[in-house]
There are 2 protein chains.
Amino acid sequence: MYKVNYRSKLLEEAVDQIASLPGVGRKSALRHALHLLKEPAANVEKFTSAIMNMRANIRYCPDCNMISDSGLCPVCSDSSRDRSTVCVVESLRDVLSIENTGQYHGLYHVLGGIISPMDGIGPDDLPIGALVERVGKGEIREVILALDTNMEGETTALYIYRQLIPSGVKVSAIARGVAFGDDLEYTDEFTLGKAILNRQLFSI
Amino acid sequence: MYKVNYRSKLLEEAVDQIASLPGVGRKSALRHALHLLKEPAANVEKFTSAIMNMRANIRYCPDCNMISDSGLCPVCSDSSRDRSTVCVVESLRDVLSIENTGQYHGLYHVLGGIISPMDGIGPDDLPIGALVERVGKGEIREVILALDTNMEGETTALYIYRQLIPSGVKVSAIARGVAFGDDLEYTDEFTLGKAILNRQLFSI
């Protein structure tokens, strides 16, 4: 891509590592590396130790597996939440997005990943057994699957559904349909088909 | 922004640090932090140590200040380059962009920053004295200023120009004009004005 090979192994290695972050290309990674080079050494030390410290010492909620430094997470410890509903999500980011809608008042179960044979992640790497155990305690009436609509998400949803069948708990999935602001003509046929099948009574 | 305060100080600190990278918002920073959390500890160790290692051990070309692990950089040590022309740029990224055009065959002088009183960076923090010294050796006939067109870039260019006056070296600046693919009607008046003043004989 470039005519000059800048031949700094130290820079190359830092750029390689930064470019391993999701959605960060080599050009942005180089920009970040040069930024860190210009920073005082103490700031770079703070940067790397915050990351190492997080990775080494992070704790998870014993109930829902959400990141939580001390015991139960803010959702599980909130007595006003509906304890009969559990929403299964891939990550904390999904929790924050759903919370942001203001439409959900139940609990969560954070998988922290998704079944992905390509990345070597199988069902046993995720806290699915803990979910089955949680449901087994009898308080939960409904499990809502809110996973991404891709192969990994569908596979994970199907696996969890099968594990939950013996418990008899109601299992639902978030609705698929045409997003607000999307043009029908540009919506893929699978989504549009689902949107027609799952049509709702019109109301204002 | 979010209804749940996820209250992990460890995660917060890592997100704060990652969000300090240029152009990285808090949402992307959270995504990166959660990615690093899912990675094996050894990978995170590799990530942070590559950055620390770079910051602690990077070396610069003694002539042009470009990043170079061992002595002269690949440009300065290339005997086929025109040693009578030096192009002054802010960073290695600019070197790579100019090299990419294939239109420049001289040497560089990498400032590694720009005069910016807001960030506490003055002329003495940049290798401008080294540039004057380099020009003083007599081999250089022209210094091309290739700095960004913003207040900091213009200030730095003017400062360097003044420092070079006593040497009598020719000082030029890269042309400002309408970029390929830009619409005239959406081009700002300053750029369009410069483009008219600096018009060139038409040729095919």
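In chain A, strand β1 (residues 82-89) and strand β3 (residues 142-145) run parallel and are joined by 4 bridges. Within this pair, A:Thr85 stands opposite A:Glu142 of β3(A). The model is predicted.

- β1(A) and β3(A) belong to an open sheet of 4 strands, ordered β2-β1-β3-β4, with parallel pairing.
- Which strands stand at the edges of this sheet? They are β2 (106-110) and β4 (170-173) of chain A.
- Each edge strand has a single partner strand, so one side of each has no neighbour in the sheet.
- On average, neighbouring strands are turned by 25° against each other, direction ignored.
- As background, the strands of a sheet pair through backbone hydrogen bonds, and the pairing is either parallel or antiparallel.

**The sheet of chain B**

- Chain B has an open sheet of 4 strands in the order β2-β1-β3-β4, and its pairing is parallel.
- At its edges stand β2 (106-110) and β4 (170-173) of chain B.
- Both of these have a single partner strand, so each is left with one side lacking a neighbour in the sheet.
- From one strand to the next, the twist averages 25°.
- How many bridges pair β1 (residues 82-89) of chain B with β2(B)? The two strands pair in the parallel sense over 5 bridges.
- Opposite B:Val89 is B:Val110, a residue of β2(B).

**Domains of chain A**

- Chain A is divided into domain 1 (9-57) and domain 2 (59-198).
- The centres of domain 1 and domain 2 of chain A, taken over C-alpha atoms, are separated by 32 Å.

**Helices α1 and α2 of chain A**

- Helix α1 (residues 9-18) packs against helix α2 (residues 26-38) in chain A at an angle of about 120°.
- The axes of these two helices are 8 Å apart.
- α1(A) and α2(A) are therefore oblique to each other.
- Their crossing is right-handed.
- From α1(A), the contact uses A:Leu11, A:Ala14, A:Val15 and A:Ile18.
- From α2(A), the contact uses A:Arg26, A:Ala29, A:Leu30, A:His32 and A:Ala33.
- By type, the residues of this contact of α1(A) with α2(A) are 7 nonpolar, 1 polar and 1 charged.

**Helices α5 and α6 of chain B**

- In chain B, helix α5 (residues 128-136) and helix α6 (residues 151-164) pack at about 35°, with axes 10 Å apart.
- The crossing of α5(B) and α6(B) is right-handed.
- On the α5(B) side, the contact is made by B:Ile128, B:Leu131, B:Val132 and B:Val135.
- On the α6(B) side, it is made by B:Ile160, B:Gln163 and B:Leu164.
- The residues of this contact of α5(B) with α6(B) include 6 nonpolar, 1 polar and no charged.

**Where chain A touches chain B**

- How many residues does each chain bring to the contact? Chain A gives 52 residues and chain B gives 52 residues.
- On the chain A side, α1, α2, α3 (41-57) and α4 (92-101) each supply at least two residues.
- Which element supplies the largest share of the chain A side? That is α3(A), with 12 residues.
- The chain A side divides into 27 nonpolar, 14 polar and 11 charged residues.

**Helix α3 against helix α3**

- The axes of α3(A) and α3 (residues 41-57) of chain B come within 10 Å.
- They cross at roughly 175°.
- That makes α3(A) roughly antiparallel to α3(B).
- α3(A) makes this contact through A:Ala41, A:Val44, A:Thr48, A:Ile51, A:Met52 and A:Arg55.
- α3(B) makes it through B:Ala41, B:Val44, B:Thr48, B:Ile51, B:Met52 and B:Arg55.
- The residues of the contact of α3(A) with α3(B) divide into 8 nonpolar, 2 polar and 2 charged.

Key. Residues numbered from 1 in each chain as written. Chains lettered and ligands numbered in written order. Predicted model: local features only at pLDDT ≥ 70, side-chain atom pairs only at ≥ 80, totals over all residues. Axes fitted to C-alpha atoms, helices over the stretch in contact; angles between N-to-C directions. Parallel < 35°, antiparallel > 145°, perpendicular 65-115°, else oblique. Left-handed = near helix turned anticlockwise from the far one by under 90°. Contact = placed C-beta atoms within 7 Å. Nonpolar A, V, L, I, M, F, W, Y, C, P; charged D, E, K, R; others polar. Domains from an automatic or database assignment. Pairing = 2+ DSSP bridges.
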